[in-house]
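Thank you all for coming.

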Amino acid sequence: MRVKKVFNNNVVLGVDEHGAETVLMGRGLGFQVRPGDRLDDERVERHFVPQAMPAERLAALAAQIPLDEIEVMEEVVTAARARLGGDITEHVLLPLADHVHLALARARAGVQIEYPLKWEIENLYPAEAEAGRAALDIIERRLGVRLDEDEALPLALYFVNAQIGSGSAGIAATMQMTQWLRVALETIGEDYGIEIDQHSLAAARFITHLRYLFLRARSGRPTPDVDDGIGEAVRQAKPREYATAERLARKMEEMFAWHVGREEILYLALHVSRLTVRDDTAEGTHADT
């Protein structure tokens, strides 16, 4: 690995014999080295392979963040991975560290900001929101600064983004998806006159389905074909659920100008059916499984 560009004493952009670029970090790694020099692998403490942003931009981002904050965010990512699974990879570390670096500066200056979608994040992504709160504890323990509790919300979105792999669209796409989930659940509640138990197993499955529907529709990936007879059978057997699914499809098309095919409508209808099964022994107007 040779040096392509030095950003500071701790961050360099490296390039291998195939021309692949990697952001490399290590204390003193960039000291007295020049483009073209061969790097000492033993001095490389961290490396980041660019995914959602160009390599030089990623390296410039890394150069702005103190190493001690990077180390803290490594613990945050490790803890989030333990809670949420292997999709929380090192690729989220630098964007997450950049956000926290700015949040720390705001906290030290006594500046607070309000984040949108608070209700949606806490209710649609409870596990990720809890991971965000745990991250605040780690940051306080390691850096001695307690960030505002609402800072857990954008951290949760970074964890969601890492799991769904929204790539270069990043947090903006995750926020769009969150708005879509809220609209979808509100639409079903309106159609059935019920309050959906968002912590039920059926709701968790439905939200997961909606996440992947959002990603398929945004990328234009088709849904596997379903026999027309199956779709017609579901429409005949569950007309109300099918009508709600068609309404959900229209809302997605109105919000994002994306086409939602009949296969997706079929799957939506089946999920709506599961989500709206009433427990006759329960009191109130909650839909549960």
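Predicted model: local features only at pLDDT ≥ 70, side-chain atom pairs only at ≥ 80, totals over all residues.

Residues are numbered from 1 along each chain as its sequence is written, and side-chain values use heavy atoms, with hydrogens and water left out.

The protein chain has eleven helices and six strands, where helices (H or I, at least four residues) and strands (E, at least two) are DSSP runs numbered from the N terminus. Taken along the principal axes, the C-alpha atoms of the protein chain fill a box of roughly 75 × 45 × 30 Å. Of the 289 residues, 46% count as buried; on this scale buried means under 20% relative accessible area, exposed means over 50%, and partly exposed is in between, with a 1.4 Å probe and protein chains only. If we take contacts between residues at least 6 apart in sequence, 64% of them join residues at least 24 apart, a contact being heavy atoms within 4.5 Å.

Now to the helix packing. Two packed helices are described by the angle between their axes and the distance between the axes. Here the axes are lines fitted to C-alpha atoms, for helices over the stretch in contact, and the angles run from 0 to 180 degrees between N-to-C directions.

The axes of helix α1, residues 55-63, and helix α3, residues 93-109, come within 10 Å and cross at roughly 45 degrees. The two helices α1 and α3 are therefore oblique to each other, given that angles under 35 degrees count as roughly parallel, over 145 as roughly antiparallel, 65 to 115 as roughly perpendicular and the rest as oblique. The contact is made by Leu58, Leu61 and Ala62 on the α1 side and by Leu94, Pro95 and Asp98 on the α3 side. By class, that contact of α1 with α3 has five nonpolar, no polar and one charged residues, where Ala, Val, Leu, Ile, Met, Phe, Trp, Tyr, Cys and Pro count as nonpolar, Asp, Glu, Lys and Arg as charged, and the others, Gly among them, as polar.

How are α8 and α11 oriented to each other? Their axes come within 9 Å and cross at roughly 160 degrees, and α8 and α11 are therefore roughly antiparallel. The residues that meet include Phe206, His209 and Leu213 in α8, and Tyr267, Leu268 and His271 in α11. By class, the contact of α8 with α11 has eight nonpolar, two polar and four charged residues.

Let me move on to the aromatic rings. A search of the whole structure finds three aromatic pairs, with the criterion that rings of Phe, Tyr and Trp (its six-membered ring) pair if their centres lie within 6.5 Å, and that planes under 30 degrees apart count as stacked, over 60 as edge-to-face and the rest as tilted. The rings of Phe214 and Phe256 have their centres 5.6 Å apart and their planes at 85 degrees, so this pair is edge-to-face. The pair links distant parts of the chain, since Phe214 is in helix α8 (residues 201-219) and Phe256 is in helix α10 (residues 239-256), 42 residues apart. Phe256 and Trp258 form a stacked pair, 4.5 Å centre to centre with 20 degrees between the planes.

Next, the backbone. Most residues other than glycine have a negative phi, and most peptide bonds are trans. Ala257, although not a glycine, has a positive phi of about 60 degrees; Ala257 is found in the loop between α10 and α11 (262-275), and counts as exposed at 69% relative accessibility. Gln32 has a positive phi of about 55 degrees and lies in the loop between β3 (21-25) and β4 (46-48).

Finally, Glu128 lies in helix α5, residues 126-143. Is Glu128 buried or exposed? At 5% relative accessibility, Glu128 counts as buried, and, not counting residues up to four places away in sequence, Glu128 touches Leu84, Ala156, Phe159, Val160, Gln163 and Arg211.
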